Protein chains: 2
Amino acid sequence: MDNHRGKSIRLGVAGLGTVGTGLLHLVEGHAEAIRTRLGVSVEVTGVSARDATRDRGVSLDGIAWFDDPVALARSSDIDVFVELIGGEEGPARAAVEAAIAAAKPVVTANKALLAHHGTALATQAEAQGVALGFEAAVAGAIPAIKTMREALAGNAVSRVYGILNGTCNYILTTMQADGRSFDDVLAEAQAIGYAEADPTFDVGGFDAAHKLALLSALAFGTQVAFDQIRIEGIEAITPSDIEAADDLGYRIKLLGVAVQTEAGVEQRVQPAMVPKQSAIAQVAGVTNGVAIDADQAGSVLLVGAGAGGAATASAVMSDIADIARGQAMAPFGRPASTLQPYVRAPAGTQQGAYYLRLVVHDRPGVMAGIATHMGERGVSLESIVQRRPRSALPGIGARDETTDVTTLVLITHETREDAVKPALAAIVENGYTAAPPQLIRIEKL
Amino acid sequence: MDNHRGKSIRLGVAGLGTVGTGLLHLVEGHAEAIRTRLGVSVEVTGVSARDATRDRGVSLDGIAWFDDPVALARSSDIDVFVELIGGEEGPARAAVEAAIAAAKPVVTANKALLAHHGTALATQAEAQGVALGFEAAVAGAIPAIKTMREALAGNAVSRVYGILNGTCNYILTTMQADGRSFDDVLAEAQAIGYAEADPTFDVGGFDAAHKLALLSALAFGTQVAFDQIRIEGIEAITPSDIEAADDLGYRIKLLGVAVQTEAGVEQRVQPAMVPKQSAIAQVAGVTNGVAIDADQAGSVLLVGAGAGGAATASAVMSDIADIARGQAMAPFGRPASTLQPYVRAPAGTQQGAYYLRLVVHDRPGVMAGIATHMGERGVSLESIVQRRPRSALPGIGARDETTDVTTLVLITHETREDAVKPALAAIVENGYTAAPPQLIRIEKL
């Protein structure tokens with residue numbers, strides 16, 4: 001990395017979407033300030049993208065164009081390779097591996113690539129003595145990686161959790177604010193560009209899971225284990241759930257949670273209830289939030305823009321600045337060879353309280369039967385109430401006179417999922433329910 | 001710093017209060033994890049404190065004792081000097097300067113020292129090529145320094161603000177929750193150790209101002225200018241103000257705010273109203289919060305423990321880890337020689353809305369007279385209401401029948417302090433008021 005000590009750091013940027021063009025704008029607009037700060041200039045000397053003719057609103061004058069990102073990665077005219085192509089395989093992976101093989105530091109925003117190949121890529125980067133920065137891969141502008149890798153170096157982390165997907169948080173926040181359905185808000189989010197035409201990757205929780213896999217490895221010093229994450233999306237959340245949560249003092253958020261337990265690590269992405277007055281409950285709209293519970297530092301919460309060209313480019317620049325200052329830290333903050341094999345905690349054994357919403361046939365004995373099934377599995381109930389939607393007229397309960405069904409909301413005391421789920425199955429089996437039950441964990445903050 | 005590449009980083013720790021003993025516990029308890037992470041051991045080889053005989057609940061076996069912190073700072077048996085003595089002059093300053101002169105990296109939690117001598121000490125450290133880490137000097141475990149110095153390297157920051165003093169936030173939060181007076185809650189805070197016997201340094205805003213001076217320098221690349229901060233404490237905040245704020249949708253927080261304006265930098269520590277539903281309003285009790293408005297990253301908010309032995313030791317360890325990894329970054333993230341002379345924005349010229357509480361004589365024409373004085377200075381009012389305390393009986397207003405005074409609460413539209421203050425002075429001059437008026441800025445978030 002001797003060339004970084006010279007006058008200029010030359011970037012090769014592969015991928016010119018919103019983040020790539022955001023980075024070009026940032027580097028150009030802040031050139032003087034960056035030079036003052038770092039003592040070297042940062043300039044983009046090569047780019048690669050699919051279409052050389054497209055107008056991206058940014059000048060490419062004097063920048064070498066590469067049709068092949070792998071050729072850019074290997075070019076002797078760049079000092080740092082910036083991968084903003086995306087995707088866990090294909091050109092992104094090939095180019096990152098080529099850059100590392102050529103002993104060039106890599107900065108990437110590619111969470112899918114790292115969630116699938118993070119341990120291997122870190123190992124390769126360390127063998128070559130080059131940095132592999134991925135601040136931009138998790139929660140946009142929020143310095144989640146730097147905080148976990150560096151600021152909490154003297155801590156044992158017991159849990160990391162967060163709101164890691166802006167699309168989901170926008171949908172849930174809007175459903176809550178306006179009392180609208182998931183489908184309705186999703187359609188709006190698609191119209192304004194907050195959600196993709198195929199929204200599965202976001203609303204199904206997969207994007208959040210990619211990020212959680214990286215946070216989890218940083219938190220516990222384990223190999224990246226994306227395929228060990230339990231993933232549940234927000235598609236089944238209804239306005240009734242959000243309304244009931246509000247009445248009970250909660251907000252529903254899609255949380256990614258990784259917990260260190262005695263039996264291993266538990267990683268899950270799922271809708272969860274968090275206390276309304278908690279700081280993370282205030283994280284609204286497309287904003288992200290990452291919380292870390294550490295033995296020395298206590299709880300640290302980081303909130304900010306989780307996506308967007310400029311915000312993500314800011315995180316890319318954070319990694320570039322570290323490289324310019326001569327850092328070549330192990331990507332996960334410790335040698336990749338010391339990352340422990342991932343041990344998955346047995347499913348369902350973690351303590352937690354739950355919210356259940358049941359649409360049941362309104363017959364004598366149903367409430368007693370449900371309570372009995374819960375009791376038999378050792379699940380004790382904090383409350384069981386027949387729920388009246390806010391929209392109902394005064395004096396009219398949740399009982400639907402025309403269909404003979406009613407809605408019950410149950411809150412359990414601390415229990416285990418492997419107790420509450422069989423109880424729920426038995427209740428459904430018994431024919432009490434008239435619709436699929438809803439089960440949402442109440443996250444202890 | 002070649003000795004850092006060896007087997008062990010030897011710390012000399014001056015000051016064995018809660019942070020110093022917290023650091024010794026951390027280094028001992030996490031020795032193995034730290035070695036794995038950093039590739040070198042970290043050990044405490046020398047300490048200095050006032051009383052060698054005191055039992056601090058931590059073993060000093062095998063650690064050299066120095067009566068004189070300056071001698072410890074110069075000792076050839078330490079690689080890094082950790083200054084946890086405190087105070088802007090005296091032994092702390094002498095020892096830090098001695099360590100730098102001996103080309104030893106320094107880590108300090110001493111906000112007073114840096115607020116007064118930060119630019120000079122950074123210049124000295126850079127001249128010697130050693131690090132001067134002060135993550136622990138601002139907001140405890142919150143990685144505020146690292147975020148501003150490194151993560152936001154590609155940003156222009158327009159404002160940094162935060163809840164920087166846990167004592168004040170505890171007092172205000174408790175006043176709000178319990179409806180109790182400042183004096184009452186302060187006495188309790190003193191009893192449980194959240195406030196000092198002489199609380200002036202905390203409740204008067206000086207501690208927050210020390211931290212703000214450092215954040216401001218990092219944010220705007222200016223020389224540290226503690227003596228240019230306008231400082232106002234929380235002593236004059238009453239339960240009526242907190243109650244009125246609540247009704248208006250606000251919380252009162254002691255905020256440190258630094259803003260870049262076209263005419264210079266504005267730094268102030270003062271009680272301010274923030275929207276109840278904002279994330280920073282949820283920062284409760286002794287917790288701290290730091291928010292940064294940056295042109296690329298957007299708004300980033302960091303929340304966590306602002307004080308305490310373990311939390312502050314965590315921040316100290318963050319700096320030690322950076323040093324162990326071979327970093328010797330400029331303390332303010334850019335060469336001290338490039339820090340610009342501080343230009344103070346003209347007082348009172350910044351736009352803002354204000355809350356005013358006036359205890360006035362209940363006479364005809366008073367409300368009209370007040371509105372007229374405001375109008376004459378170009379201050380337009382969003383509302384002016386005669387305020388009824390919650391504790392009053394239904395139907396009984398704020399009018400005190402026995403004393404012939406009543407309370408008015410005014411909310412201005414955006415205006416300037418140099419308009420609202422003269423208007424207020426004229427109102428007092430005119431004899432309308434029966435008690436000193438209260439003026440609180442409504443911070444735009």
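A:V286 is partly exposed, since its relative accessible area is 35%; here buried means under 20% relative accessible area, exposed over 50%, and partly exposed in between, with a 1.4 Å probe and protein chains only. The model is predicted, so local features need pLDDT of at least 70 and side-chain atom pairs count only at pLDDT 80 or more, while totals for chains, interfaces and linings use all residues. Residues are numbered from 1 along each chain as its sequence is written, chains are lettered from A and ligands numbered from 1 in the order in which they are written, and side-chain values use heavy atoms, without hydrogens and water.

A:V286 lies in the loop between β10 (264-275) and β11 (287-294) of chain A, strands being DSSP runs of E of at least two residues, numbered from the N terminus. Together with A:I192 and A:Y194, A:V286 forms a nonpolar surface patch with about 250 Å² of accessible area. Such a patch joins nonpolar side chains (Val, Leu, Ile, Met, Phe, Trp, Tyr) within 5 Å, from residues with over 30% relative accessible area and no salt bridge; the areas come from the Shrake-Rupley method with a 1.4 Å probe, and for residues only the protein chains shown count as cover.

How are the two chains arranged?

The contact (heavy atoms within 4.5 Å) takes 47 residues from chain A and 47 residues from chain B. Because 100% of the interface residues of chain A are also interface residues in chain B, the copies meet through the same surface.

Across this interface there are 2 salt bridges, each a side-chain nitrogen of Lys or Arg within 4 Å of a carboxyl oxygen of Asp or Glu. One salt bridge joins B:K146 to A:E150 (2.7 Å, N to O). A:E150 also meets A:R149 in a salt bridge (2.4 Å, N to O), and both A:R149 and A:E150 are buried.

Elsewhere in chain A, A:K444 pairs with A:E414, their closest N and O atoms being 3.9 Å apart. A:K444 follows β17 (438-442) and A:E414 sits in the loop between β15 (405-412) and β16 (415-416) of chain A, so the pair ties together parts that are 30 residues apart in sequence.

Note on methods: Patches are made of residues with over 30% relative accessible area and no salt bridge: like charges are joined within 9 Å, nonpolar side chains (Val, Leu, Ile, Met, Phe, Trp, Tyr) within 5 Å. Helices (H or I, at least four residues) and strands (E, at least two) are DSSP runs, numbered from the N terminus.
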